[in-house]
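Student: I'm new to this one. Can you walk me through it?

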Amino acid sequence: MRLQFFKYQGTGNDFVMIDNRDKRVSKNDTKLINRLCDRKFGIGADGLILLEHPDVEGDDFKMVYFNADGNESSMCGNGGRCLVAFAKMLGIIESEASFTAIDGPHKASVDKDDIVNLQMQNVSDIYQSGNIAFLDTGSPHHIVFTENVKDLDVKEEGAAIRYSTDYKEKGTNVNFVEKTEADDTFIVRTYERGVEDETLACGTGVTAVAIAAHNSNRTKASEVKLQVPGGNLSVSFKAEGNNYSDVWLKGPAKLVFKGEIEC
């Protein structure tokens with residue numbers, strides 16, 4: 001079988017996109033998905049996303065996301081933003097979208113400069129202790145507020161937390177965060193489970209960081225800027241105590257290339 005694919009990236013977080021409305025790719029074909037994401041034997045990506053017909057009335061499409069290891073995973077914010085750009089390229093949407101992912105419904109908009117604004121889930125359950133935070137923004141995130149983030153061995157230190165007894169077999173994503181001298185701006189580096197390495201960006205991760213930073217009074221801004229190795233993102237929200245609603249992740253989403261691969 002020859003399979004048409006599209007490669008997208010959002011601040012360096014890269015994804016294989018497949019229009020799966022014809023159901024050519026089975027979500028149970030873990031080996032195929034893993035091979036497509038392999039950077040030496042396949043296309044290469046942090047994850048793979050299937051665009052499918054919607055299950056929910058009024059939606060434009062459905063998002064099915066897989067980590068690079070081939071397993072279906074929790075929500076991916078940058079992947080969702082890239083999927084919206086993909087849907088626009090396919091002519092499914094024009095500038096606004098409604099879709100459902102594994103964590104529930106999402107709305108989004110895309111402008112002429114390929115900037116995609118994605119509505120994330122509301123958050124109210126936030127754990128804070130000193131320089132550590134934990135919350136779920138569609139995917140679980142352990143956050144460490146620290147210094148000299150650029151000098152950290154994110155793969156080694158992130159893996160130690162991800163596989164620690166605190167998180168057991170389920171694991172977690174891990175974000176290392178440093179506040180910059182600029183107001184309301186944070187540097188973020190992320191270790192992603194499923195990829196089992198540092199990625200250049202993580203959408204649910206920066207969303208978690210922005211909310212945790214606000215919740216711990218590290219910023220009072222309702223729109224937080226995040227610098228990741230792959231570029232710049234922003235997160236805005238409405239806060240009332242520990243309740244965060246109207247949460248939006250904003251940043252670029254770009255088509256890298258398209259092609260066919262023998263499966």
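Tutor: Start with a side-chain pair: Arg193 makes a polar contact with Ser74, side chain to side chain, at 3.1 Å. A polar contact is a pair of N or O atoms within 3.5 Å; within protein, one must be able to donate a hydrogen and the other to accept it, and residues adjacent in sequence count only if both atoms are side-chain atoms. This is a predicted model, where local features need pLDDT of at least 70, side-chain atom pairs count only at pLDDT 80 or more, and totals for chains, interfaces and linings use all residues. Residues are numbered from 1 along each chain as its sequence is written, and side-chain values use heavy atoms, leaving out hydrogens and water.

Student: Where is Arg193 found?

Tutor: In the loop between strand 12 (185-192) and strand 13 (197-199). Strands here are DSSP runs of E, at least two residues, and helices are runs of H or I, at least four, numbered from the N terminus.

Student: Is Arg193 buried or exposed?

Tutor: Arg193 counts as buried because its relative accessible area is 12%; buried means under 20%, exposed over 50%, and partly exposed in between (1.4 Å probe, protein chains only).

Student: Switching topic, where does Thr204 lie?

Tutor: Thr204 lies in helix 4, residues 203-215. Thr204 is buried too, since its relative accessibility is 2%.

Student: Which side chain does the side chain of Thr204 make a polar contact with?

Tutor: That of His141, at 2.7 Å. Leaving aside residues up to four places away in sequence, Thr204 also touches others, including Met75, Cys76 and Gly77; contact means heavy atoms within 4.5 Å.
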